[in-house]
Amino acid sequence: SSTYPLDIWVARRIARSAGAKLVFEVHDLWPLSPIELSGMSRWHPFALLCQAAENTAYRDADVVVSMLPKVQGHMAAHGLDLAKLHIVPNGITLDEWQGDPPPLRDDVAQALAAARGQGEGGRTVVGYAGSMGLPNALDTLLDAAALLRHEPLQILLVGSGHEQARLAQRVIDEDLQRVQFLPPIPKAQVPSFLAGVDIAYIGWQRVPIYRFGIAPNKLMDYMMARCPVLHAVEAGNDPVAEAGAGLTVVPESPSAVAEGLRRLAATPAAERRAMGERGRAFVLANHTYPVLAQRFIEAVSWATRSVPKTTSLVPWRSATRAAPQVISTALCAPRCGRVCRNASAPCCAASQRAASPTSAACASPKWAAARVATCWSWWRCLKSWRHDAPRPAAADPVVRPGAGGGAGALSVGQQ
């Protein structure tokens, strides 16, 4: 499991050495992410290296697990057999949502109380909890707040990030009195914060890479907290729309975000509560770790049921489980002095007739260990013969022991 695929070569070597299955989990698409998000050239040496690693992973992994739900076309274009693909998205830990959450830090609790305001109905509180970077598109929310400066709405943003200072300065410079930034709170206090807001906001940039889908942890928290969500996104999937847990608008559009907030604020409280309940039910059914762990187990189990690959001779513990006819072919090969591509070739056929007692013994599982020990010894002899013997004629090709490619090759099925 990795964010970028450069460790695939090490993982593949370990898997082959151990006779194990190779499961590759994709968090983000590399090198496509830096190419589309930061403008890196696809001919940059790092991008070329990542592309080679990605192609290798899709080709050689027994199972590929992706958090992104719409990656089938991209992965198939880079060599993946889609039968190996399993989708396991992000999720939440149920322990964080059981029992009473810890109380909020005093400054945050006071800000929530002040945001609610006084008088009949008070104000509608819009909350944001999470990172504050360019991908979170918080400038759009501030632009929408400028359009809503006379509406009974209050926006509270809790978190940190490299854009937080600039955004906070914007609030001061533009006199956005209905917007307040608060320092980050511990993860355990997030449910308490979200319980105090009426609408939760999450926004995205409009970038092509989201066509493969999104799986944000922040959104799972919003939905578990039963918050109706305003989702500003254009992506391959939309959990808010799937669950009926709020309203989705186009991204990077202040007017669309402003109108979405107006609509949700005008929605009756009972209907907003119903949206929140649908969102929580959606997460519990699809995004809790017990559910996702079962999907992951099923994906790995699929690998053990798939057709085994052929590889060079593996240690005898695995070889004892190999098909008897494969080992019988290996046993017959040294009798005629060479290894053949085709077990039905005259040399192998003759040696099998000459070795009929041995071949019969090979067919019995009782002698599996003896077969493998003999096969291993003859393989070492063949290895020595391969270096000493003259090169064969072109019409009588030789397959080196362990090279695979034919029934007469000295190899066994990977277990």
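**Helix packing**

I began with helix α1 (residues 8–18), which packs against α3 at an angle of about 30°, the two axes lying 9 Å apart. Axes here are lines fitted to C-alpha atoms, for helices over the stretch in contact, and angles run from 0 to 180 degrees between N-to-C directions. Because angles under 35 degrees count as roughly parallel, α1 is roughly parallel to α3. I noted that α1 brings Ile8, Trp9, Arg12 and Arg16 to the contact, and that α3 brings Leu49, Ala52, Ala53, Thr56, Ala57, Arg59 and Asp60, where contact means heavy atoms within 4.5 Å. By class, I found six nonpolar residues, one polar and four charged in this contact; Ala, Val, Leu, Ile, Met, Phe, Trp, Tyr, Cys and Pro count as nonpolar, Asp, Glu, Lys and Arg as charged, and the others, Gly among them, as polar.

**Source of the values**

I keep in mind that this is a predicted model, in which local features need pLDDT of at least 70 and side-chain atom pairs count only at pLDDT 80 or more, while totals for chains, interfaces and linings use all residues. Residues are numbered from 1 along each chain as its sequence is written, and side-chain values use heavy atoms, with hydrogens and water left out.

**Sheets**

Next I looked up an open sheet of six strands, whose order is β6-β5-β4-β7-β8-β9 with parallel pairing. Helices (H or I, at least four residues) and strands (E, at least two) are DSSP runs numbered from the N terminus, and two strands pair if DSSP finds at least two bridges between them. β6 (179–182) and β9 (246–249) are at the edges with a single partner strand each, so one side of each has no neighbour in the sheet. From one strand to the next, the twist averages 20°. Helix α5 (residues 106–116) packs on this sheet and touches β4 (124–129), β5 (153–158) and β6, its direction making about 165° with that of β5.

I then turned to an open sheet of three strands, also with parallel pairing, in the order β1-β2-β3. Its edge strands are β1 and β3 (85–87), each pairing on one side only. Strand β2 (residues 63–66) is joined to β3 by three bridges, and I found that Val65 has His86 as its bridge partner in β3.

Key: Parallel < 35°, antiparallel > 145°, perpendicular 65-115°, else oblique.
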